[in-house]
Amino acid sequence: MKRFLPHIILIPLLLTIPIVSSPDFDGTLSVFRVSPFQREFIRFVLVIIFFYVNLNIFLPKLYGKKKYLPFTICILISFGIMVFLPYYLASENIFSGQPSQMQMGPPEMHAPNGNFPPPMEGKHLRPNFGPRNDGSYHQMIFSSVLPFLFSFLSSLFIFRNNEKKELERSKAKAELLNLKYQLQPHFLFNILNSIYSLALLKSDDAPNGILKLSNVMRYVVQESSKDFVELDKEIEYLKDYVALQLVRTDNSLDFSYTEIGETKGLQIAPFILVNFIENAFKYGFNAEKNSKIAVKVIVQENVLNFSVSNNIVNESITDEISLKIGLKNTIEHLNQVYEEKHTLTITNDGKTYNVDLRINLI
């Protein structure tokens with residue numbers, strides 16, 4: 001209700017503008033019996049209707065989906081309705097051929113018997129269009145152009161502004177998700193404990209684990225505020241993240257990583273891919289079962305093909321709700337940034353979980 005309340009208040013206020021600004025307004029509602037005012041009022045109502053139709057239907061359903069031809073046709077039809085409909089709904093004998101009281105002139109010019117002079121023979125009858133029945137199609141169109149442009153441009157401005165806000169909101173979600181799910185305390189504690197165990201054993205992997213953790217944290221802090229990052233940097237981040245996950249698997253996980261294609265010169269929205277890998281390690285690793293995870297990154301002709309596959313061997317996830325929310329928001333972020341430029345297929349047969357993501361990076 002709060003969402004619609006401003007519109008409920010604003011629309012009646014807007015409808016008072018043509019009333020109080022009309023030269024025929026005398027402080028009463030008798031102005032609604034004047035045909036020129038009726039036409040201007042109907043046009044004003046159509047301007048308001050077009051604003052909401054364009055904002056909620058034409059722009060998001062056609063313009064936003066790059067269906068420019070249907071969008072242009074709808075706009076031209078709307079303009080035609082705004083030009084001609086007021087004159088058909090509020091005309092003064094437009095087809096009768098009889099001159100109106102306004103056209104006849106003052107009473108003293110009438111015939112003595114009070115009858116109207118007969119219509120001129122040999123003349124074609126045509127509608128008396130125009131703000132004051134001047135019969136000018138050009139004036140009909142001109143009087144509608146400015147209010148139509150104002151309605152169109154204001155709705156376009158609001159639509160683009162809403163798009164920008166939605167994109168920023170989606171981006172903010174992705175940033176928060178990364179900080180919440182990828183650098184959450186239990187993840188850091190597990191990695192630090194694994195590195196500590198390696199240090200006690202004086203393993204050569206301990207310094208490398210510390211370096212990987214540092215790289216991941218640095219990348220998150222530096223790149224999370226950007227709209228797009230270089231693809232090769234994002235992939236390096238994924239590799240460091242995977243390396244940290246593998247530190248705690250104690251070599252009991254069958255993990256494979258495949259990378260094919262040239263990544264330099266391409267960009268991608270940050271943290272789009274990491275959530276799928278996070279889910280794979282959550283559900284696909286169990287030291288007591290046959291655990292297998294496969295990650296593939298293939299780049300062909302500026303198209304990224306990213307796939308993650310894992311056996312479902314871990315069903316007791318303590319933060320399962322968080323993972324589902326993370327996946328949902330990642331999908332929303334994909335739809336915002338790569339609308340009609342990506343395909344995502346997720347399959348789950350109860351034994352294996354597969355993710356296949358294809359993104360056109362141009």
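A crossing of two helices is left-handed if the near helix is turned anticlockwise from the far one by less than a right angle, and right-handed if clockwise. Helices (H or I, at least four residues) and strands (E, at least two) are DSSP runs, numbered from the N terminus. By that rule, the crossing of α8 and α9 is left-handed, while α3 passes α4 in a right-handed crossing.

This is a predicted model: local features need pLDDT of at least 70, side-chain atom pairs count only at pLDDT 80 or more, and totals for chains, interfaces and linings use all residues. Residues are numbered from 1 along each chain as its sequence is written, and side-chain values use heavy atoms, with hydrogens and water left out.

**Overall picture**

The protein chain holds eleven helices and seven strands. Of its 362 residues, 38% count as buried (under 20% relative accessible area, with exposed over 50% and partly exposed in between; 1.4 Å probe, protein chains only). The chain exposes about 21600 Å², and carbon and sulfur atoms supply 61% of that area (Shrake-Rupley method, 1.4 Å probe). Contact means heavy atoms within 4.5 Å. Among contacts between residues at least 6 apart in sequence, 73% join residues at least 24 apart.

**Helix pairs**

Axes are lines fitted to C-alpha atoms, for helices over the stretch in contact, and angles run from 0 to 180 degrees between N-to-C directions. Angles under 35 degrees count as roughly parallel, over 145 as roughly antiparallel, 65 to 115 as roughly perpendicular and the rest as oblique.

| Helix pair | Axis distance | Angle |
|---|---|---|
| α3 (residues 35-63) and α4 (residues 68-89) | within 10 Å | roughly 170° |
| α8 (residues 205-223) and α9 (residues 231-247) | 9 Å | about 135° |

The axes of α3 and α4 cross at roughly 170°, so α3 is roughly antiparallel to α4. Their contact includes F50 and F58 of α3 and F71 and M82 of α4. By class, it has 19 nonpolar, two polar and two charged residues (Ala, Val, Leu, Ile, Met, Phe, Trp, Tyr, Cys and Pro are nonpolar; Asp, Glu, Lys and Arg charged; the others, Gly among them, polar).

Helices α8 and α9 pack at about 135°, which makes α8 oblique to α9. Among the residues in this contact are K212 and Y219 of α8 and E234 and Y241 of α9. Here the classes are eight nonpolar, two polar and four charged residues.

**A covered helix**

Helix α10 (residues 274-284) is mostly covered: eleven of its eleven residues are buried. Among them are the charged residues E278 and K282.
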